[in-house]
Amino acid sequence: MTFRARLTIGMLAAALLPIAIFGIGVRREMAARLNRQADRQVDALVNVLRADLTTEVRDTRARLGALAHQLAADTRFRLAVESGPSADRRWLLDWAVEAMRGTGLAMLQVQDSAGRIVSSGHFRNDFDRLDPRLPRALAAARATGAVVRARLADGVLQALAGVDSLTVGGRRYTIVGARALDSVRLANLSPNSEIGVVLVIGDSAARARLPACGAAVLPRCAVAELALPYFDDSADGPGRSARFLVTRDSGPIEALRRSVDRWLLLALGVTLVAALGLATWFAGRIARPITELADKTARVDLDRLDQEFATDRDDEIGALARLLDAMTSRLRSGAARLRETERRATVGDLSRQINHDIKNGLAPIRHVVRHLTEIAERQPDQLAAIFGERRATLESSVEYLDGLARNYAKLSPALDRSSSDPNAILREIAAANGAAHAVIELRLAEPMPPVRADPLVLRRILENLVGNAVDALDGRPGRVILSSAAADAPNGRRACLTVADSGRGMGPEELDRSFDDFYTTKAAGTGLGLSVVRRLVTDLGGSVRAETMPGQGSTFTVEIPTA
């Protein structure tokens, strides 16, 4: 993921998360407060309903008590219940109707001790019917009252009933009265349309349509209930219960919640669009100069330090650009110094190599001149003869130096792959490098196949090895053995040229570093002899290895492909 994408995502998150958290928090707090308010309203409605029912029952019982007291003192009632059909009997039948109208009751009836109805106000023709269940049921629920279902001449009545009694002529009579419970009256108890009261009898269809409120979002559900005994004068069996269900309509709260959700989504959408545009623009403003710096930096290397990072910005990016510009300036100066140092090192390396090769070429001449000087001093008459014997060595050394001069004049000469005779070169080197303390022996295989190597290069290799072998004797009498042999190898036939000495040998550390450039143990050595050997042998496609034993000498073997 690019820096611009990460910056854009970070800015979007920084803009959207606070709004989302704020919106969700407001939504949750609003819903919690509305629910708490609704719960308080429900509790208040339940208390009002309970108080209203208690007051209703108390008022009904007070009215019934007044009627009972009035009826017990009325002579016509005593005459009507003690005599048979008479004018007082007709008065008794009409009494409940008139008393019900005067007291505002919706139901009123008088029954004797056997449960026979002697007067009924809500259903006049219901007299002489035996129904002792209602007084008993109301007597059992005297404290709370009960809901009864009574027949009317034109339908049925749901009412909150009470009961009272009186005694006339030694007989006990019961007065049952009730006030109607209708939907209008129940609706007036609710403070608003969201909370209502429904009368549900048992497990009626209305109860099934009003489940309890839970996790599911319902249009209207029951949140509380108040149960009272229930009596149905047309049904047999035990009485059921009447429930006053307090219901709550969650529609307005859900509508408000959906409205808040829509506004929250709209705010998030607008913020997303605005934040995306702003984040893209801002990320581009930041990422563009960084990308330009990265592109310029990617083009910087030691061979191309001409990139310019100068800028007039005064922010962090400008500071970074100025640091990069100063860095490239230092790199340009350092690269110039490095090239100059490399040039000087190369010139010095070449100078040491030329010096080393010339010293190797001058050594045979110096030996011959020293030998001729000794002959001239001791045996002058033999000078011409000895000079004739050593003339070939002088000419060979001069030719060697001349070849070196031609090669160094080319500085990087093409490698000559012409064939040469390794035995002939070993003989020339043995003749040219003799010393008073060193005995040089030749152990050459005959016939020896020619090798694919420039004679001058091969002589440089062997001259370096023989010179090192003679120096390894440290001026003590010793032997240097030069040998040649041909051997078969997996990659073709090869010539093995060996230079062995009986000198001091080398330790493990010296052997490990013997072919390193400029490593030497000699006081006046350059450390280039064996490194030159390794490089020249490698150029010829051959290999060189060393075997040594401290105090017993060293053996160097050069393997070169034959022609």
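We'll start with a sheet and its helices, then turn to some salt bridges.

A quick word on the ground rules: this is a predicted model, where local features need pLDDT of at least 70, side-chain atom pairs count only at pLDDT 80 or more, and totals for chains, interfaces and linings use all residues. Residues are numbered from 1 along each chain as its sequence is written, and side-chain values use heavy atoms, with hydrogens and water left out.

Helices (H or I, at least four residues) and strands (E, at least two) are DSSP runs, numbered from the N terminus. Two strands pair if DSSP finds at least two bridges between them. With that in hand, look for an open sheet of five strands in the order E10-E12-E13-E15-E14, with mixed pairing. Its edges are E10 (438-443) and E14 (543-549), each pairing on one side only.

Now zoom in on E12 (residues 478-489). With E13 (residues 492-501), strand E12 pairs in the antiparallel sense over ten bridges, and a hairpin of two residues links E12 to E13. Ala489 sits opposite Gly492 in E13, while Ile481 faces Ala500 in E13. E10 and E12, on the other hand, pair in the parallel sense over six bridges, and Leu442 has Leu482 in E12 as its bridge partner.

Follow the chain into the loop between E10 and strand E11 (451-452), and you'll find Pro447. A cis peptide bond joins Glu446 to Pro447, with omega at about -10 degrees.

On to the salt bridges, each a side-chain nitrogen of Lys or Arg within 4 Å of a carboxyl oxygen of Asp or Glu. The structure holds 23 of these salt bridges. One of them links Asp59 with Arg63, with the closest N and O atoms 2.9 Å apart. The two are four residues apart in helix H1 (residues 3-72), so about one helical turn separates them.

Another salt bridge joins Arg151 and Asp126, at 3.3 Å between the closest N and O atoms. Arg151 lies in strand E3 (residues 146-152) and Asp126 in the loop between strand E2 (117-120) and helix H4 (133-140), so the pair ties together parts that are 25 residues apart in sequence.

Is Asp126 buried or exposed? At 6% relative accessibility, Asp126 is buried, where buried means under 20% relative accessible area, exposed over 50%, and partly exposed in between (1.4 Å probe, protein chains only). Arg151, at 31%, is partly exposed.
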